[in-house]
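Dear colleague,

Please find below the structure for your review. My notes on its aromatic residues and on one helix packing follow it.

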Amino acid sequence: MPDAGPATTYSVALLEEFVRLGVQDVVVCPGSRSQALALAAAALERAGSIRLHVRIDERVAGFLALGLAIESGVPAAVIVTSGTAVANLHPAVLEAHHSGVPLLLLTADRPDELRGIRSNQTTHQAGIFGLAARLTRDVPAPMGAPGDAASARTLARLAVDAAVGVGPAGAGPVHLNLALREPLSTPIAVLDRVEPVARPDVSGGRITRPGILLERGKRTVVIAGHGAGPVAEALAHAGGWPLLAEVSSGARYGRNLVVAYRELLSDPEFGGRVERAVVYGHPTLSRQVPALLTRDGVEVIVVAPSGDEVYNPGRRAAHIVGAATVVDGSIDRAWVGSWVQASRRISDEKSQDVAPDLEAAQSHDPATRLGYVRSEFQAIRARVDRRMLALAVWGATWPHDRLVLGASRLIRDVDAAVPGKKIRVHSNRGLAGIDGTVATALGIAVASQADGAGVTRVLLGDLTLLHDVGALLGGTGEAMPRIQVIVGNDGGGTIFDGLEVAESTESADFDRVLYTPQRADFAALAAAYGWTYLKASTRGELDQALTAPVASGTLIEVPLER
């Protein structure tokens with residue numbers, strides 16, 4: 001590009017190298033200082049080199065990129081202008097940091113001569129993300145020197161390596177703060193398609209800690225928190241130990257799964273007899289798990305292949321290792337069998353489903369047949385409660401689908417209710433915030449449906465949806481993925497009703513500052529953003545809504561009692 005200015009030349013070289021290194025998705029927010037980067041991304045989209053996503057809200061853009069990277073396993077890039085635009089990325093950066101998700105944050109900035117003199121839309125951007133960034137570079141404005149493009153390519157390689165976890169800190173966000181000097185953009189020649197080059201796959205992270213070989217004999221449980229992955233189920237299976245797997249662990253399946261782990265951990269005959277706990281991932285959904293891990297007499301082994309921060313309640317772990325295996329030997333079938341059988345009894349006691357009486361349906365007695373019909377109608381017309389909602393969404397989701405759970409009360413309802421099934425489940429549990437749930441789910445949906453398969457379902461509370469309602473606005477010219485956003489509307493933050501404070505303070509004050517009641521019109525919101533709206537108050541309506549054909553975006557409102 002002989003006529004291109006320094007900002008354009010550098011931007012094109014940087015983004016082209018990202019594509020060669022495997023980057024598939026770029027999210028752009030409009031802005032003046034970042035225009036060279038944005039226009040380079042548009043040119044790469046025309047060449048068929050990237051998927052481009054445009055959003056007007058930087059917080060939404062950050063979480064959209066987070067979802068894209070979660071599903072694809074490779075870094076997604078976000079381009080924003082200077083000023084508050086950069087700060088709006090911070091929630092997604094923190095979630096990516098604590099969850100180990102690779103992100104590339106390209107923030108435009110003023111050159112040195114415009115910093116510190118109150119230039120418009122200028123603040124201290126370099127290092128703004130602190131320890132959350134795996135790598136931070138404050139890049140001087142390119143001057144049009146012959147080596148600018150080569151310098152950009154070198155920086156791209158350094159950034160991608162840091163983002164995917166080439167280093168002890170593991171995968172996470174990388175911040176490139178790019179000073180750009182006028183002219184901020186110049187015409188870009190037609191770009192050729194850029195093909196990625198083969199690189200080692202480190203999306204799963206590198207193992208930087210030694211492994212451990214576990215002896216048999218101790219009464220052991222395997223705990224799988226968020227992001228644990230199939231390795232947790234494999235160890236439980238090999239050891240013949242109960243598997244206590246949270247719903248977003250990636251290990252919620254197998255014959256050793258214990259669904260009712262909360263109740264059993266609280267029972268002295270089960271939790272009270274545990275001698276050893278092997279922990280994978282990041283458990284966040286119960287009080288019983290950290291209570292077990294901080295109890296005297298329990299040997300805690302934490303499996304964390306890499307990363308500076310490790311889940312270790314009370315700092316009581318006897319071993320922090322990169323992998324765990326078990327010696328050959330016989331399985332204590334009485335130990336694992338007692339947990340699995342007790343869990344099934346508890347689940348059966350909670351179950352509201354009664355198998356249809358097929359003999360009554362085929363009876364020659366008219367009164368018996370009428371009774372059967374009435375009972376079936378009664379079941380269909382039953383009001384939806386949280387357990388019913390959790391089981392219905394779980395039952396409607398298949399391996400080629402994706403399920404995203406908001407960080408609210410409903411994820412705990414799902415975790416307490418649903419049986420094992422090998423499906424892809426995600427929730428932003430790095431910091432367990434309600435930020436960006438819809439945007440994250442949209443990113444997961446776009447990336448997972450690149451081959452044309454599946455539906456993404458998002459189950460979340462009303463406040464979680466309202467917190468991220470701007471994510472419902474898609475980009476012009478971008479196809480909406482097949483996605484159902486299922487909002488359990490109980491009028492506010494009922495998760496706080498389960499805290500001790502609910503019993504110790506004035507109800508009016510509690511509602512005002514914690515429950516925070518809302519009366520949003522979700523049908524109007526759906527219409528405003530161009531989404532299909534459905535309301536499901538009964539079991540029959542819910543089943544119909546969940547199984548209806550999904551062509552783009554559907555918002556399903558499910559009224560719930562407080």
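A residue is counted as buried when its relative accessible area is under 20%. The model is a predicted one, and by this cut-off Phe-270, at 12% relative accessibility, counts as buried. Trp-339, at 0% relative accessibility, is likewise classed as buried, and Trp-335 is buried at 4%.

These residues belong together: Phe-270, Trp-335 and Trp-339 make up one aromatic cluster. The structure contains 2 aromatic pairs. In one of them, the ring centres of Phe-270 and Trp-339 are 5.6 Å apart and the planes stand at 80°, so this pair is edge-to-face. Phe-270 is found in the loop between α8 (261-265) and β10 (276-280), whereas Trp-339 is part of helix α10 (residues 333-350); the pair therefore ties together parts that lie 69 residues apart in sequence.

Trp-335 and Trp-339 also form an edge-to-face pair, with 5.7 Å from centre to centre and 70° between the planes. Both of these tryptophans lie in helix α10, 4 residues apart, which is about one turn of the helix.

The helix packing concerns α13 (residues 386-396) and α20 (residues 539-547), whose axes are 10 Å apart and meet at an angle of about 30°. Helix α13 is therefore roughly parallel to α20, and their crossing is right-handed. From α13, Met-388, Leu-389, Ala-392, Val-393 and Ala-396 meet Arg-539, Leu-542, Asp-543 and Leu-546 of α20. Of the residues in this contact, 7 are nonpolar, 2 are charged and none is polar.

Yours sincerely

Conventions
Residues numbered from 1 in each chain as written. Predicted model: local features only at pLDDT ≥ 70, side-chain atom pairs only at ≥ 80, totals over all residues. Heavy atoms only, no water. Axes fitted to C-alpha atoms, helices over the stretch in contact; angles between N-to-C directions. Helix = DSSP H or I, 4+ residues; strand = E, 2+ residues; numbered from the N terminus. Parallel < 35°, antiparallel > 145°, perpendicular 65-115°, else oblique. Left-handed = near helix turned anticlockwise from the far one by under 90°. Contact = heavy atoms within 4.5 Å. Nonpolar A, V, L, I, M, F, W, Y, C, P; charged D, E, K, R; others polar. Phe/Tyr/Trp six-rings, centres within 6.5 Å; stacked < 30°, edge-to-face > 60°. Buried < 20%, exposed > 50% of the residue type's maximum accessible area, 1.4 Å probe, protein only.
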